[in-house]
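Good morning, colleagues. Please look at the structure on the screen while I take you through selected features of it.

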Amino acid sequence: MYRSSDRLVAYYHQRMSSSICQHLDSFKHKYGLNSYQIIYKQFISVTTHESRKRKARNSICFTCRLPVSRLHSCLYCVFFGCFTGHHIHEHSKTQNHNLAMDLSYGHIYCFTCEDYMHDKDFETIAKKQKHRADKVCGARCVQYYMWEPTSQELQVLKDNPQRKRISDNSHIGLRGLINLGNTCFMNCIVQALTHTPLLRDYFLADRHICQFEDDPSMCLVCEMSRLFQEVALNCLPLVFYSGKSSPHTPYKLLHLVWTHARHLAGYEQQDAHEFFIATLDVLHRHCRGTNGPTNNSPIHCNCIIDQIFTGSLQSDVVCQSCKGVSSVEDPIWDFSLDLGPSLHMRQQRATSSTQAVCDESEPKSLIDCLERFTRPEHLGSSAKIKCSSCQSYQESTKQLSLKKLPVVASFHLKRFEHSSRFHKKISSFISFPQYLDMTPFMASKIGCTGSGTGSTDGSNVNTYINGVPHNDNKYCLFAVVNHSGTIETGHYTAFIRQHRDQWFKCDDHLIMRASVQEVLDSEGYLLFYHKQILEYE
Amino acid sequence: MTDMDKTNHRMLAIAKQNMVESGERDQLMQLLRTRLLECGWRDQVVMECKDVVRDVGVENITLDKLIAEVTPKARQTVPDSVKRELLQKIKNSISNQSSLSSSAPSFSSVSSVSFNHN
């Protein structure tokens, strides 16, 4: 395998430096590249309606007067001839013109060498014109162009002959992170973010353009980008515990976060969820510059953070007297889910001495939490809303539902209760699934369409791929952040998923293999799900 | 070449020119490329080509030799569904052309002629 890559390097090197056909070379010296470019632009990479018309009417073999396939143009004079009928060959013989170009792709045929010959200069022209035409013709998806190394890249490959082979057994993209003093909360979020596929792809493809012109070291996105490359390109050997691959020390990231999110500064233990939200916010702000500095609206921002994490919630307020609905759409970056007894239950328990009959039970699973999140809530007689149709203050219900699903759904189980009376942690087990279908919580399913009734039309749930309906609301778990301990002293660890089904536990600088059952049995504090349609089956 | 053949060829030429002019031909070529890529045909043909190059030898191979060796089998292994889809689209395009021009070639006689593509 080393030999084949060396051979490839040698091949590209040869193509760059040496010439292949002396007849092409002498043509180039005598006549230059102009005629080739003109013919290419007029007949191959047409961009305007007029040139397309001209191409259609003139792409005819001069001899058989038909628009044949494999039409060739003589490079020396104005003559089109077909290849299959050998009319271009006849022309070449009678006129002594030994070069012709194919009008489908621009390849040059040398009649003396009796084959198509490569030439770097002509191919450069062809590539440039083709790119131009593709852009103008607005190809619906980005055209795929094969990677060809530049001379610098070739030199780098030659100077560094050592090659690393990625196999099924190699573990790339896993790296421990040193705890800098109660920074396990940060380490867990970094592990979760570096294993978010779309975010990783964005940073590894170097798509970020920094907005901090005078001081790029202040840009959190740049630092994240570097961090991703440190983590994602790290290749761990098969045996983890040997500790051969050293963990990374994210002191720069920590410093930048302290600078941009002052409320998190200090060596005390911080809340991982707060850190997550603050990080997303700073990344969003530092990315925002690339999308037009005037657009501040969170719904309209197009930065990578919003593309991945932002969805929207529909909030329906129904007036209880006229049943009129007022709907509002708000952006949402993560779902904070209440645990424990609901406010309604707590009020009931507080007011009555006997055990109140409660029709609600405490949530025991993520689905329970989401059901509670999207349940219509009676706002109570003390919180009347002014109804526009009734023109008076009326009691109403409010219901949240999901309008636009984010690509990555992050769930925060509110285990830490900070009330005036006490601080405590809710450690009850909340089960969460590996695969999650958000359809039952969508606005199209349970939200109000303005007529006061929930929509039963599920047809907009599906997208169609190759004519087959695909449920676009399915998610797959890829990271879990856990908190162990009490509200005063605790430790954060994270489970992350690699490839399709390999789970690893990240405990600061220690990375250990884990089973999916271990993950699902864990307490769960922050849960990260990725839209399933993007998985590579 | 009989008169019938000549007329057919002329009609083919007109139909093809119209398709190039409207840009439809490029779109159909792109569609064909996508379908052949999706069903794995392209990868199959690439492997065939590699085999031929290996057999004939890198120094002796020319494009024409490659085309001669690989084309028959490649043509044969194009999936029927792809052929049907493209044929339907071409028929639609030509019948649209007929409905636009008065002295149009008859639809049935054009479809009976086989198309040679590169």
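Predicted model: local features only at pLDDT ≥ 70, side-chain atom pairs only at ≥ 80, totals over all residues.

What percentage of the 118 residues in chain B do buried residues make up? They make up 28%, where buried means under 20% relative accessible area, exposed over 50%, and partly exposed in between, with a 1.4 Å probe and protein chains only.

Residues are numbered from 1 along each chain as its sequence is written, chains are lettered from A and ligands numbered from 1 in the order in which they are written, and side-chain values use heavy atoms, with hydrogens and water left out.

Let me continue with chain B. This chain has 6 helices and 0 strands, helices being DSSP runs of H or I with at least four residues and strands runs of E with at least two, numbered from the N terminus. Along the sequence the pattern reads α-α-α-α-α-α. Of the contacts in chain B between residues at least 6 apart in sequence, 64% join residues at least 24 apart; contact means heavy atoms within 4.5 Å.

Now to one pair of helices. Helix 1 of chain B, residues 3-22, packs against helix 2, residues 24-38, at an angle of about 85 degrees, and their axes are 4 Å apart. Axes here are lines fitted to C-alpha atoms, for helices over the stretch in contact, and angles run from 0 to 180 degrees between N-to-C directions. Helix 1 and helix 2 of chain B are therefore roughly perpendicular, a term that covers 65 to 115 degrees. On the helix 1 side, the residues that meet helix 2 are Lys16(B), Met19(B), Val20(B) and Ser22(B), and their partners in helix 2 are Glu24(B), Arg25(B) and Leu28(B).

The next topic is salt bridges. Over all chains, the search finds 16, each a side-chain nitrogen of Lys or Arg within 4 Å of a carboxyl oxygen of Asp or Glu.

Which residue of chain A meets the side chain of Glu21(B) in a salt bridge? The partner is Arg57(A), at 3.0 Å from N to O. Glu21(B) belongs to helix 1 of chain B and Arg57(A) to helix 4 of chain A, residues 49-58, so this pair joins two chains. Glu21(B) is buried at 14% relative accessible area, whereas Arg57(A) is partly exposed at 47%.

Within chain A, Lys425(A) forms a salt bridge with Glu523(A), with the closest N and O atoms 3.1 Å apart. Lys425(A) lies in strand 17 and Glu523(A) in the loop between helix 17 and strand 25, so the pair ties together parts that are 98 residues apart in sequence. Lys425(A) is buried, at 13%, and Glu523(A) is partly exposed, at 22%.

Back in chain B, the side chains of Lys89(B) and Glu85(B) meet in a salt bridge at 3.7 Å, N to O. Both lie in helix 5, residues 80-100, and are 4 residues apart, about one turn of the helix. Lys89(B) is partly exposed at 36%, and Glu85(B) is partly exposed at 23%.

Methods:
Parallel < 35°, antiparallel > 145°, perpendicular 65-115°, else oblique.
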